[in-house]
Amino acid sequence: MKTYLVTGAAGFIGANYLKYLLGKYDDIRVVVLDALTYAGNLGTIAKDIDNERCHFFKGNIGDSELLDRLFGEYKFDYIVNFAAESHVDRSIEDPQLFLMTNILGTQNLLNAARRAWVTGKDEAGYPMWRKGVRFHQVSTDEVYGSLGEDGFFTEATPLCPHSPYSASKASADMIVMAYFDTYKMPATITRCSNNYGPYHFPEKLIPLIIKNILEGKKLPVYGDGSNVRDWLYVEDHCKAIDLVVTKGINGEVYNVGGHNEKTNLEIVKTIIAHIHQSMIEHPEYRSLLKTKEKDADGLPAIDWINDGLINFVKDRLGHDQRYAIDPTKITETLGWEPETRFEEGIVTTIDWYLKHQDWVNQVTSGDYQSYYDKMYLKR
Ligand code: NAD
Ligand code: TYD
């Protein structure tokens with residue numbers, strides 16, 4: 001039986017991964033470590049941590065004593081590190097927290113794994129590692145910087161991060177690789193494009209736009225809306241991580257993405273159209289629409305949303321223009337392919353949000369509104 005330490009599993013991707021793992025394997029044990037920041041919600045994984053194969057600890061990946069205790073008690077085979085500060089806009093406001101969590105936190109986790117997993121030294125002085133263990137770092141395509149109109153990020157693309165967030169993730173990647181090169185630590189990295197799907201915190205583009213449409217609030221589009229992101233359904237990302245953790249080669253980086261490039265404006269317009277369509281097909285959703293701008297059937301007044309709500313606001317500082325992943329390596333070596341087409345995934349996602357307004361209300365009941373006012377009122 002393999003024992004996993006999954007950090008940051010009360011957040012968006014970590015929670016989806018935890019659900020995927022527990023659903024796929026019935027012979028594993030999972031320990032979740034999460035600091036429950038604004039982005040972490042215990043409610044998201046309440047049912048999962050009820051499972052007798054899953055144990056939850058509230059704590060920080062920067063806490064060495066706690067890590068040593070957990071490593072001692074659970075003898076982890078795999079560490080999958082999702083824990084991070086993940087929002088570029090927040091990193092522009094407060095870079096230092098990103099350095100603390102994403103760089104020093106990751107290094108602290110690597111050190112704890114080294115203390116627990118090293119069994120001795122070989123003749124050349126390299127540490128010897130317990131058989132079958134692996135440290136997996138969940139990283140992002142943003143470490144590569146920004147593309148022009150053409151081309152894709154491959155694993156050989158030089159790291160050239162621009163935001164404090166991406167710079168902190170690039171630093172963490174380099175430290176993970178330094179541990180592989182220097183100590184031969186069994187480690188892998190995945191660098192994925194933008195994810196979307198259930199449990200995405202409504203500060204990020206897609207869930208924020210869904211929430212604002214329902215509330216009849218302006219839809220903030222940074223700059224001219226031409227920035228391009230390469231969207232991947234979150235479960236496809238989880239499947240890629242699972243393949244790399246169980247079958248990847250130590251010291252390797254794998255890019256993960258679905259060739260699904262969309263401008264931000266396209267995303268916003270797609271969401272508007274699908275919410276409208278959903279309300280035609282499911283009259284029960286119409287009561288979720290808080291705006292007065294409804295047509296005679298109680299449907300969102302689509303022209304008004306398109307013309308009246310879309311709001312081009314001041315651009316993000318240092319806004320990367322385009323991200324696009326070339327996933328050839330993971331496809332050819334591990335057989336991974338994205339399974340969910342964007343056209344299906346976005347409908348599933350919107351439907352999920354329409355059905356789970358209680359989740360949205362719960363996760364935005366804290367200081368969400370003050371964050372929102374700070375970031376958007378004067379933008
Ligand atoms: P998220 O912000 O939704 O969740 C982060 C989780 O980490 C939260 O549960 C939070 O409580 C926890 N956390 C934060 N600081 C912690 C600390 N010091 N100790 C323990 N837990 C802590 O993030 P996400 O979107 O789920 O992203 C997860 C990982 O995937 C991140 O490493 C991110 O860089 C990476 N990633 C995200 C995307 C994306 O599109 N969201 C794409 C590629 C890679
Ligand atoms: P985001 O979801 O923050 O992800 P990332 O910055 O990691 O790619 O943003 C996705 C894109 O949407 C990015 O180009 C910024 C843009 N954006 C807006 O136009 N308006 C918004 O309110 C937000 C949150 C993002």
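**Entry 1: ligand 2**

I looked up which element gives the most residues to the shell around ligand 2, and found β10, with three residues. In this predicted model, local features need pLDDT of at least 70 and side-chain atom pairs count only at pLDDT 80 or more, while totals for chains, interfaces and linings use all residues; side-chain values use heavy atoms, without hydrogens or water. Residues are numbered from 1 along each chain as its sequence is written, with chains lettered from A and ligands numbered from 1 in written order.

I took helices (H or I, at least four residues) and strands (E, at least two) as DSSP runs numbered from the N terminus. A residue is near a molecule if one of its heavy atoms lies within 4 Å of it. On that basis 18 residues surround ligand 2, and the closest are Glu-142, Arg-229, Arg-316, His-319 and Tyr-376.

I then examined polar contacts (pairs of N or O atoms within 3.5 Å). An oxygen atom of ligand 2 lies 2.5 Å from a side-chain N or O atom of Arg-316. Alone, ligand 2 exposes 510 Å², of which the protein buries 97% (Shrake-Rupley areas, 1.4 Å probe). The elements giving two or more residues to this shell are α7 and β10 (219–222).

I recorded the shell of ligand 2 by class as eight nonpolar, five polar and five charged residues. Ala, Val, Leu, Ile, Met, Phe, Trp, Tyr, Cys and Pro count as nonpolar, Asp, Glu, Lys and Arg as charged, and the others, Gly among them, as polar.

**Entry 2: ligand 1**

I found 28 residues around ligand 1, the closest being Ile-13, Asp-34, Ser-86, Tyr-165 and Lys-169. A polar backbone atom of Ala-35 is 3.1 Å from a nitrogen atom of ligand 1. The protein covers 96% of the 840 Å² of accessible area that ligand 1 has on its own.

**Entry 3: α7 and α14**

I returned to α7 (residues 205–215), whose axis comes within 14 Å of that of α14 (residues 368–376) and crosses it at roughly 95°. The two helices are therefore roughly perpendicular (65 to 115 degrees). Leu-208, Lys-211 and Asn-212 of α7 make the contact with Tyr-368, Tyr-372 and Tyr-376 of α14 (heavy atoms within 4.5 Å).

Notes. Axes are lines fitted to C-alpha atoms, for helices over the stretch in contact, and angles run from 0 to 180 degrees between N-to-C directions. Angles under 35 degrees count as roughly parallel, over 145 as roughly antiparallel, 65 to 115 as roughly perpendicular and the rest as oblique. A polar contact is a pair of N or O atoms within 3.5 Å; within protein, one must be able to donate a hydrogen and the other to accept it, and residues adjacent in sequence count only if both atoms are side-chain atoms.
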